[in-house]
Structure formats: C-alpha cells, structure tokens
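Please keep the structure open beside it as you read.

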Amino acid sequence: MNAAPTAFRAVLGQDELSNIPRDLSFHPSVNEQPKVLTPEQIARFNRDGYLKPFRFFSPEEAADIRCYFDQLLARYAAEGKDSYSISSAHLRHGRVWDILTNPRIVAVVSDLLGAGVIAWGSHFFCKMPGDGKAVSWHQDASYWPLSPSKAVTVWLAIDDADRGNACMRVIPGTHVLGHLTWQLSEQDESNVLNLTVPGVEKYGDPVYVELKAGEASLHSDLLLHGSEMNTSSRRRCGLTLRYTASDVTAHLGWADKGVVVAGPPPAHWANRPRPTEE
Ligand SMILES: O=C(O)CCC(=O)C(=O)O
C-alpha cells in the first residue's frame, strides 16, 4: 500500500499540545432551522453531549462495508499492523473517504456544527475477540491540536456493538465540565490510547452505546467516553469519523487532513480529493 502524503503526525506529545493556546470549552449548537435533526435532538446533544442511534446504512450496505473492512484489515495484518492501526484512512482509501463524506452523515453533523464543516479524521477502533485492549476514559479534545473545541465524532458500527463485546460507553453531561485533568496511562491499563481521566465515578453513571452494524452515535469532543476490554468471542469494530466547524484552527499541520464537506473552502484547511486506492 502507498503511504498517504501527509505533513502531520497522528499522535502528538502532550508537551506539544500544552504549548498551543486552545479554547476547550463547550460551544452549544445553535440552529433555529435544522435540516434533518429535530430541535429536541439538538437540545439533547447540548444537554447530554451525545446522540444515538442514527441508521446511516441499511443492513445490506452495512454488510458490504463490513466485507470491505475485512479485506482492508487482512491487508494491514499482512504488513504486520494491528487492528487499531488504520487511522487517517480517508487519505489513503477511497471507500473510507466515501463514508466520511456521505451526505446523510454530513447533513446531521452540519445541523450541529453549522454551515461550514471540515471532515478530517477516520480511525477504525477494531477490538478483536479477547485482544485485551481497553480505551480508557478520555475526552477527544485532549488529543487534538484544534481550537476552539467545536468537533463531533460519528462512531459508525461496522459490527454489531453491545455491552457483551465492549461497545463504547459515555458519561452524559460531562462535555460541559471543561478540559478535565488527565494522567498518562499506566502500562497495565492496556489502553489503546495513552491518557486516562481518573475518578470518573463522581461524574455519574456510564451509558453503554449499543448499536447495530450500519448505525452510528455522535459525540462531542469534550464528552468523557471509553470502552472496556472485549472478552467475548465476537469482533467489535467501529469507524470513528471526525468533523469540525470550518472556523476552527488546526495547529501542527493537522489542517492537511481536511476534506471540505459543507460550505465554502476556508483558506486554512486542505480539501483532500478522493484517493484512487480502495
Ligand atoms: O471505539 C472505542 O471503543 C473508543 C472510541 C473513541 O475513543 C473515540 O471515538 O474517540
């Protein structure tokens, strides 16, 4: 496979991130005339920090996407890469670019983020049966050189995801608490990422985001979320699709990943074409 032409690094050090002036406060969605969401859904997103479920792909389309992913994963595995390594996939794989720019998804995201939207991230979180990996409690914004904090993730279920195979879990309402104190993960956490927000029990009970393949949830970049280890015999793969309002500034070269999916192209962001490789 060809390497995608990029000028950014996917995983940044926290020292670098802490040197960037970032506004990491929640910016509620204000939309008097949503096109596809109801005003109640927008109010719920502002209150809870997430929405679910959205059926973006029919069961037949979802089966086709799963078949594509099976083959993609086999190609990466043949290169010695693991099931979490397929990141910024829209820069390399046309099929992923198609999902990221899907008009049904973009319409929902645009109702929340506004008329100008940049799609910039696509990362498969594929928990193989019994792989011993968890995603510790975190806020996405901790990892990203973006300001202000106006980003949403669409978590698209490639496989059915439920509590049994370690679906994502969230703590509703935590997106309004600002940037929470984190610590670097301990080795024994087996964290797919590298930060942990400790002591989250005080923020409330987790909600398990169960989804069928082809359905998606959507969460704010400030919402506390994570997932447990997959101790089942079933794979649990989700494709995270990341979007930000086009008035957001990206530092450290991350604007290079952008695809303009709604509104006029802002000067600051790239507008990456569909890759030819599937
Ligand atoms: O798929 C998971 O378990 C976690 C995904 C996640 O952390 C994210 O969407 O940022």
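1. A157 has 28 C-beta neighbours inside 10 Å, so A157 counts as buried.

2. A word on the ground rules. This is a predicted model, in which local features need pLDDT of at least 70 and side-chain atom pairs count only at pLDDT 80 or more, while totals for chains, interfaces and linings use all residues. Residues are numbered from 1 along each chain as its sequence is written.

3. Now the overall picture. The protein chain holds 5 helices and 14 strands; helices (H or I, at least four residues) and strands (E, at least two) are DSSP runs, numbered from the N terminus. The chain's radius of gyration is 17 Å, close to the 19 Å that the globule rule gives for 278 residues, so the chain is as compact as a globular protein of that length. That radius is taken over C-alpha atoms, and the rule is 2.2 Å times the number of residues to the power 0.38. Along its principal axes, the C-alpha trace spans about 45 × 45 × 40 Å, and 43% of the 278 residues count as buried.

4. What is the order of the strands in the open sheet of 6 strands? The order is 1-10-5-12-2-14, with antiparallel pairing. Two strands pair if DSSP finds at least two bridges between them. Strand 1 (50-55) and strand 14 (259-262) are the edge strands, each pairing on one side only. From one strand to the next the twist averages 30°.

5. Strand 12 (236-245) deserves a look of its own. Of its 10 residues, 9 are buried, which leaves the strand mostly covered. Strand 12 pairs with strand 2 in the antiparallel sense over 10 bridges, and F125 stands opposite G238 there.

6. Which strands does helix 5 (residues 103-113) lie across? They are strand 1, strand 2, strand 5 (151-157), strand 10 (215-220), strand 12 and strand 14, and the helix runs at about 150° to strand 5. Axes are lines fitted to C-alpha atoms, for helices over the stretch in contact, and angles run from 0 to 180 degrees between N-to-C directions.

7. Back to A157, which is found in strand 5. Two residues are in contact if their C-beta atoms, placed from the backbone, lie within 7 Å. Leaving aside neighbours within four places in sequence, A157 is in contact with residues including L211, A213 and G238.

8. The ligand is surrounded by F125, V135, D140, T153, W155, M168, H225, S227, G238 and T240; a residue is near a molecule if its C-beta atom, placed from the backbone, lies within 6 Å of it. Strand 5, strand 11 (225-227) and strand 12 each give two or more residues to this shell.

9. A second open sheet has 4 antiparallel strands in the order 3-11-6-9. Strand 3 (135-138) and strand 9 (207-208) stand at its edges with a single partner strand each, so one side of each is left without a neighbour in the sheet. Strand 3 and strand 11 are joined by 2 bridges, and H138 has H225 as its bridge partner.

10. Finally, some backbone details to check by eye. The peptide bond from K52 to P53 is cis, with omega near -15°, and P53 sits in strand 1. Another cis bond joins S147 and P148, with omega about -5°. S88 is not a glycine but has a positive phi of about 50°; S88 is buried, with 21 other C-beta atoms within 10 Å. L252 also has a positive phi, near 55°, and counts as partly exposed, with 17 C-beta neighbours inside 10 Å.

Conventions: A residue is buried if 20 or more other C-beta atoms lie within 10 Å of its own, exposed if 12 or fewer, and partly exposed in between; C-beta atoms are placed from the backbone.
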